Amino acid sequence: MLKRNYTYTPYAVPKNWAWAILPFLFYAVLGAAQQAPVVNTSVDTTSIKIGEQIKFKVSVETDTTAQVIFPEGQTFSPLETVEAFKTDTTRKADRMILQKIYALTQFDSGSYILPVQRIEIDGKGYFTDSLRVEVATVEVDTVTKEIYDIKPLIPVEKNMANIPFYVWVILGSLLMIGIVLWYFFRRKPLSEEEQQAMLPPYDRALQELKKLENSKYLIQEEYKKYYSELTDIVRSYLEEDVHISALESTTDQLITKLELMKDAGELKIEDETIQQFKQILYTADLVKFARSKPEMSKAEEDRKSIEHIVIKTKEAIPEPTEEELMEQAAYKEVLRKKALKKRWVQAGVATAAIVLLSLVATVYYYGIDNVRNSLIYQPSKKLLEGEWVSSSYGYPPIDISAPDVLLRQEVELSAEEMNVVRNKQVFSFYNPENLFGVGTSSVILAEPTEPDYQKSIDKALKEFADKGARNIITKQEEFSSVSGVPGVKVYGSATFPGDSENERIKSKYAIILFGGKGFQQQVILSWEEGDPYAEQIIERIINSIDVKTQV
């Protein structure tokens with residue numbers, strides 16, 4: 001290589017020095033203009049199949065002292081960022097070349113626009129070109145390749161330790177209620193006394209007389225008890241089968257009633273039977289009231305006579321008419337319903353007691369406010385305790401955490417908006433069960449001007465009014481995102497239409513706006529007033545909001 005030697009010779013500065021250095025200033029400015037950053041982009045393909053990846057490469061050539069910030073997160077929507085590779089840096093004299101590669105994919109077939117991306121170099125934004133990407137379906141070869149069935153589900157043991165306390169309370173309450181119902185309505189075997197009480201009066205009287213025969217009253221010389229049971233048996237039979245008040249009548253009154261029924265033809269019984277019955281009753285009175293002690297044989301004979309009298313009385317009773325039989329059946333049905341009603345009342349009282357105890361246990365464990373709010377605002381509680389989704393929406397991106405994914409909404413720009421808006425992306429989620437809504441809006445303006453916040457606020461409030469909102473109260477304050485980006489927060493309350501025609505539901509709302517030259521970002525929240533879980537959801541969402549202030 002040829003080398004030249006230079007000799008430095010001092011020289012005097014001309015008097016008109018400004019004209020002398022002017023060419024040098026011109027070339028310096030020209031050189032600075034030539035050193036402006038250069039941004040290039042490229043993709044390895046514009047046509048992929050579902051699930052395949054595109055390699056999107058961004059190359060930036062700039063000064064070695066420049067600060068370059070590449071896009072981060074899901075800013076390529078509707079394409080999904082699979083991976084952002086590490087930035088590759090190479091030096092070229094006093095310049096450096098930065099290369100950033102993004103792996104992008106899409107799992108739905110169709111034609112998609114890869115949105116413009118903002119590259120920030122020393123605080124100034126440089127934009128890439130948009131690009132159309134075609135995503136085709138994957139053809140399945142069903143001829144040469146065998147298709148297998150879906151594998152069956154694999155049972156997994158459930159972790160019982162994660163079951164909430166209230167679930168155990170409900171299960172325990174249901175178990176106790178089932179036991180109560182079984183206890184009151186089970187078909188249990190009848191005891192001997194219950195079986196005897198179910199017998200007809202005639203059969204029951206004969207059975208009780210047989211039982212008295214086998215008793216030890218006479219052996220133990222307990223004549224008073226013997227004759228008391230003997231007369232009670234026959235009196236009860238006469239009251240049930242003959243329908244006369246025998247239990248409360250004296251001996252003479254009872255005999256008189258039998259004789260009157262005989263004379264009236266209502267009881268075809270012989271006088272000899274009545275007289276025999278009268279003599280036994282007199283004997284019983286002497287034993288019970290005068291402490292008389294007849295012979296054992298006499299007592300046994302009286303029992304046999306009473307048995308004979310019962311048989312004769314049964315034969316003397318006229319056959320019941322059809323009306324009487326129907327009355328008896330109706331009376332039995334009334335008794336059955338009365339007994340069943342009694343069981344239901346008992347079961348109801350026991351069930352109410354179990355429910356009350358379960359409620360007391362739940363309130364004691366969780367607190368009365370939590371239990372009341374859980375019953376009233378259950379949909380909001382499910383959203384709060386469910387799995388949340390953190391993501392970036394739109395461009396310029398809005399980072400936000402929400403109880404569910406915000407879905408992209410089709411937006412039609414009005415004629416007025418088309419003159420000032422270059423691109424608008426809207427995402428939203430709404431749960432009608434608790435009137436909870438969250439939405440984001442990212443707008444790129446046609447000109448690099450500051451956004452008109454007041455105009456956006458008025459438009460949002462007008463949309464509320466168009467949906468039936470009334471009594472709209474508005475307040476405004478400054479707001480800062482997670483990273484400290486300043487914004488504006490407009491919030492207040494309004495009444496919205498309910499399910500019925502005249503129903504009005506008082507709700508709250510919040511509108512949070514950010515922006516800069518050429519763009520605006522907006523978050524709109526709405527929820528029912530008085531819902532404590534919705535308040536916690538809103539607070540959590542607001543505390544997660546973050547944006548970038550330049551594009």
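## A glutamine and a serine side by side

The side chain of Q521 reaches the backbone oxygen of P397 at 3.2 Å. Keep in mind, as you browse, that this is a predicted model. Q521 belongs to strand 20, which covers residues 519-528. Is Q521 buried or exposed? Its relative accessibility is 1%, under the 20% limit, so Q521 counts as buried. Setting aside residues up to four places away in sequence, Q521 touches P396, P397 and I398, along with S441 and S442.

Which backbone oxygen lies 2.9 Å from a polar atom of the S442 side chain? That oxygen belongs to P396. Beyond its neighbours within four places in sequence, S442 is in contact with Y393, G394, Y395, P396 and I398, with N423, K424 and Q425, and with Q520 and Q521.

Now for some strand pairing. Strand 1 (residues 38-43) and strand 3 (residues 53-63) run antiparallel and are joined by six bridges. Within this pairing, S59 of strand 3 stands opposite N40.

Strand 3 also pairs with strand 7, residues 95-105, again in the antiparallel sense, and here there are eleven bridges. One place to look is T62, whose bridge partner in strand 7 is M96.

## I97 and its surroundings

I97 is found in strand 7. How far apart are I97 and S59 in space, given that 38 residues separate them in sequence? From C-alpha to C-alpha, the distance is 6.8 Å. With residues up to four places away in sequence left out, I97 touches S59, V60 and E61, and also D88, T89 and T90. S59 therefore has a place in two parts of this picture: S59 is touched by I97, and S59 stands opposite N40.

## A nonpolar patch on the surface

For a look at the outside, turn to I170, L171 and L174. These residues form a nonpolar surface patch, and their accessible area together is about 290 Å². I170 is located in helix 2, which spans residues 165-185. Its relative accessible area is 45%, which lies between the 20% and 50% limits, so I170 counts as partly exposed.

Notes. Residues are numbered from 1 along each chain as its sequence is written. This is a predicted model: local features need pLDDT of at least 70, side-chain atom pairs count only at pLDDT 80 or more; totals for chains, interfaces and linings use all residues. Side-chain values use heavy atoms; hydrogens and water are left out. Two strands pair if DSSP finds at least two bridges between them. Helices (H or I, at least four residues) and strands (E, at least two) are DSSP runs, numbered from the N terminus. Contact means heavy atoms within 4.5 Å. Patches are made of residues with over 30% relative accessible area and no salt bridge: like charges are joined within 9 Å, nonpolar side chains (Val, Leu, Ile, Met, Phe, Trp, Tyr) within 5 Å. Accessible areas come from the Shrake-Rupley method with a 1.4 Å probe; for residues, only the protein chains shown count as cover. A salt bridge is a side-chain nitrogen of Lys or Arg within 4 Å of a carboxyl oxygen of Asp or Glu. Buried means under 20% relative accessible area, exposed over 50%, partly exposed in between (1.4 Å probe, protein chains only). A polar contact is a pair of N or O atoms within 3.5 Å; within protein, one must be able to donate a hydrogen and the other to accept it, and residues adjacent in sequence count only if both atoms are side-chain atoms.
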